[in-house]
Amino acid sequence: MKTILDVQDLSVSFDVYGGVVQAVRGVSFSVKEGEAVAIVGESGSGKSVTAQTIMRLIATPPGKINRGSIVFDGQDLLSLSEKEMQKVRGNKIGMIFQDPMTSLNPTMTVGKQIMEGLMKHQRLSRSAAKKRAIELLSMVGIPHAESRISQYPHHFSGGMRQRVVIAIALACNPALLIADEPTTALDVTIQAQILRLMKDLQQQTKTSIILITHDLGIVADMCDRVIVMYAGQIVETGTKREIFRNPQHPYTKGLLNSLPRLDQAKDEPLVPIYGTPPDLIKPPQGCGFCSRCDEAMRICETDVPEMTAISDTQTVRCWLQHVRARPTEMDSGKGASA
Ligand SMILES: Nc1ncnc2c1ncn2[C@@H]1O[C@H](COP(=O)(O)OP(=O)(O)O)[C@@H](O)[C@H]1O
Ligand SMILES: [Mg+2]
């Protein structure tokens, strides 16, 4: 499968009162054609900044892209002019944000908002764009699309608005869809409907998806691969199966232990991850998770661990998994007697 997005060594900071926030610190990952990748992690871990940097939506200043490259469909996005970038946004890469009200224009009918991109990017005539807009609204499950197309966003419920945003994001058949906490603002039942809709559409259209969420639970259903972020860095990546069945980073294990599971005994308590993430104005010298980690060793305080491959598809940034730190046969008593 072809790689559609390749992010390498991305570092982004913000100049704020009191210092410089190191929001994203050397993030590298890629997304293949048709793949659904989740980026998970607690609030403040740098997920949104990563997404907004890919879309070049970071205000500079106060933001600054210090290092790295973002190659999308063979094009280096960081070297494009704003005008060239506008052709990528909403056309080749679609976006869905947490709050549909912030991405919809309250003064324009939803039909007009869907038609805009179709006329601008796809050069459809007004009538062709209208026909397509009605198709898109029906596709995302909005009943009576022919009449609802001339209504304004405030006529729609929260869940219906997010469906409109999805219709806009998909209007130009983007190669990549970035959904940043798309269901966080919605009721749980509506959340499930929207996620199912996104999953169905993704399978139909073969669009690649980056789904950003703080909730590992919603990943289980939707994604092929998971990227775990903590304090501006990627700490673990793997297939969904690897992350859920065989997590390696103490932080990933912590996230999973704080989730309700079907196979859990009734009296087995959920275990939160105690403590708070580090201050990114003064990021820790060693592993970002060190101060909250039960298994921390002295080296964790002083040195950032490198990414270690666990399998062809799983990598982890943890000293416990360093090739020379893993338990050896000698440790387990099976080795030669010393
Ligand atoms: N515009 C901004 N100005 C200053 N700091 C910011 C800005 N945007 C994000 N940050 C900081 O960058 C860090 C990462 O934020 P973010 O990517 O939004 O986290 P997440 O999406 O994982 O919750 C946080 O410490 C946040 O306060
Ligand atoms: Mg966010």
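User: Which residues surround ligand 1?

Analyst: In this predicted model, ligand 1 is surrounded by Phe14, Val16, Val21, Ala23, Glu42, Ser43, Gly44, Ser45, Gly46, Lys47, Ser48 and Val49.

User: What makes the pair formed by Lys47 and ligand 1 a polar contact?

Analyst: A polar side-chain atom of Lys47 lies 2.8 Å from an oxygen atom of ligand 1. The cut-off for a pair of N or O atoms is 3.5 Å. The pair is within 3.5 Å, so it counts as a polar contact.

User: How much of ligand 1 does the protein bury?

Analyst: Ligand 1 taken alone exposes 560 Å². The protein buries 66% of that.

User: Which elements give two or more residues to the shell around ligand 1?

Analyst: They are strand 1 (3-16), strand 2 (19-32) and helix 1 (47-54). Helix 1 gives the largest share, three residues.

User: How do the shell residues divide by type?

Analyst: Five are nonpolar, five are polar and two are charged. Glu42 and Lys47 are in the shell, and Glu and Lys count as charged.

User: Which residues touch the most other members of the largest nonpolar core?

Analyst: Leu137, Ile166 and Met198 do, in a core of 59 residues. Helix 7 (residues 158-170) gives this core its largest share, six residues. Another core lies apart from it, with 32 residues, among them Ala23, Val31, Ile210 and Ile234.

User: Why might nonpolar side chains gather like this?

Analyst: In soluble globular proteins, such side chains tend to be buried together.

User: What does Leu137 contact beyond its neighbours within four places in sequence?

Analyst: Leu137 is in contact with Val110, Ile114, Ile142, Ala145, Ile149, Val164 and Ala167.

User: Why is Gly158 called partly exposed?

Analyst: Its relative accessible area is 28%. Buried means under 20%, and exposed means over 50%. The value for Gly158 falls in between, so Gly158 is partly exposed.

User: Where is Gly158, and what does it touch?

Analyst: Gly158 is in helix 7. Not counting residues up to four places away in sequence, Gly158 touches Pro100 and Leu186. Gly158 and Pro100 are 58 residues apart along the chain, yet their C-alpha atoms are separated by 7.3 Å.

Conventions
Residues numbered from 1 in each chain as written. Chains lettered and ligands numbered in written order. Predicted model: local features only at pLDDT ≥ 70, side-chain atom pairs only at ≥ 80, totals over all residues. Heavy atoms only, no water. Near = heavy atom within 4 Å. Polar contact = N/O pair within 3.5 Å; in protein donor to acceptor, adjacent residues only side chain to side chain. Areas by Shrake-Rupley, 256 points an atom, 1.4 Å probe, with all protein chains shown as cover. Helix = DSSP H or I, 4+ residues; strand = E, 2+ residues; numbered from the N terminus. Core = buried A, V, L, I, M, F, W, Y, C linked by side-chain atoms within 4.5 Å. Buried < 20%, exposed > 50% of the residue type's maximum accessible area, 1.4 Å probe, protein only. Contact = heavy atoms within 4.5 Å.
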